[in-house]
Amino acid sequence: TIKNSRYRLKYHFMAPIGWINDPNGLVQYKGEYQLFYQYYPYDSKWGPMHWGHAKSTDLVHWEHLPVALAPSESYDCGEVPGYGCFSGSGVVDGEELVLIYTGHVDNKEPMQVQCIATSKDGLQFEKHFQNPVIDDYPEDGSPDFRDPKVWKHDGKWYMVVGSHTDGKGKALLYVSTNLKDWDYVGVAAESNGTQGDMWECPDLFPLQNHHILLVSPMYGKQNEKPFYVIGEMDYEKGVFTQQTVRTLDYGFDFYAPQTLLDDNGRRIMIGWMEKWLTKMPSQQHGWAGAMTIPRELLLEGGTIVKQKPVIELENLRTNEKHYDSLIVENERIVNESMEESSEVIIDFDLNETTASSFGLQLRCSEDGNERTEIILDAAKKEIILDRNYAGVGEKGYSKAPFTINDDGTIQVRIFMDTTSVEVFVNDGEQVITNRIFPDDSSRLFKLFSKDGKVCVSRMTTWTLYSVWE
Ligand code: DQQ
């Protein structure tokens, strides 16, 4: 069991115990949202990968289910740790829920192959006897050949798989009519030389009249910030043409996002809320890793993908407080003991603001030495999430650009939880996701300005209920 629940989140998805990373197999099956995830139940470190499983009717309250996939076959299990059922996706085919995943075995050629597992009840999964359904990488790829994402278009199944050659990440495209026999089509998209030497967890999907590609790029051994590309997909040629490329989330603790299309036509994205090679203070308590809040993706003006926290999260709100026309010079304590799980929406009015830099501090200690700072620089049009003083976790700051609305305002919406902060700027034009590990007692919430005054035309705060009690 968990040794100490102090860092456990209140309304973010976590495994019951152990290690988790990427979300997998996001799909709605018989009306219920399915969330699978890279899982090592036996330790708080990464290990032979299993697929954990949970379901939900509202994307907010999750029911844990038995492990869906465990390493067991020659193509996903081996002698040397490092093997396992790696990331992949899920689709509904008639009555069946089908998982498509990468079987990984170190010290083996080919090292990574694509496999499927099927279920008729959404609980028990059977690995297909024809596995691996793609038993080697194509000439355009390399032994790093993983993370199949499958979707249906015009009656056919398509799959993108991440790979690389010559220092260029790639999304390789396959097509099938039955999910078992796959034909290689070609390279759907690849790095222009600056977009990562290996593409992990590619996700390609239609959004309005464009297609969007999500990529979690690796640079050398380092994982970097996932990006999205707006473009056009030519299914005849099997080529995705890149038009606009943007950072998906400017934070540090966001990786391997995946999307699903739900029954209401919403394109919803969930990411892993932690990152490789970082301090993970919760490991000492027997667990690591969580998922971000689900975010609906909306394409605006064909040039920007906005991330909107799913509306269902509003059902967690309680203890609402409004503030109007706050003028702050220096600093002002808004709440002396803010709940760890809270939501805040702030409208800054720059017409009435003279300060060059202003913002807020959350999870702040009485003496001010511990704090998480969100700083806006109106001249540079930059927002910074500074976690250098945010407790025992990783240090550093994340920076994102923002635009000022035509009426001279800028809106910042913050979801804080026990050990996380997700900041949405102007309806999710930019997002910053970071983990923080402050002391239990650091609860002050302040507004501040440097050299001048800042005007907050409106602010609302809520406490968010826990979904885990
Ligand atoms: N995590 C999985 C891989 C994927 C990586 C292994 C991304 O399938 O490429 O746990 O975090």
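Strand E10 (residues 156–165) and strand E11 (residues 168–176) run antiparallel and are joined by nine bridges. Strands here are DSSP runs of type E with at least two residues, numbered from the N terminus. Two of them pair if DSSP finds at least two bridges between them. The model is predicted: local features need pLDDT of at least 70, side-chain atom pairs count only at pLDDT 80 or more, and totals for chains, interfaces and linings use all residues. Residues are numbered from 1 along each chain as its sequence is written.

Within this pair, His164 has Gly169 of E11 as its bridge partner.

Now the ligand. It is surrounded by 13 residues, the closest being Gln38, Phe86, Ser87, Glu200 and Ala256; a residue counts if its C-beta atom, placed from the backbone, lies within 6 Å. E9 is one of the elements that give two or more residues to this shell, along with strand E1 (18–29), strand E5 (84–93), strand E13 (198–207) and strand E18 (255–261).

Finally, the domains. An automatic or database domain assignment sets the bounds: domain 1 spans 18–312 and domain 2 spans 316–464. Their centres, taken over C-alpha atoms, are 32 Å apart. The contact takes 20 residues from domain 1 and 23 residues from domain 2, counting C-beta atoms, placed from the backbone, that lie within 7 Å. On the domain 1 side, strand E22 (residues 304–309) gives the most, with five residues.

How values were computed: Helices (H or I, at least four residues) and strands (E, at least two) are DSSP runs, numbered from the N terminus. Two residues are in contact if their C-beta atoms, placed from the backbone, lie within 7 Å.
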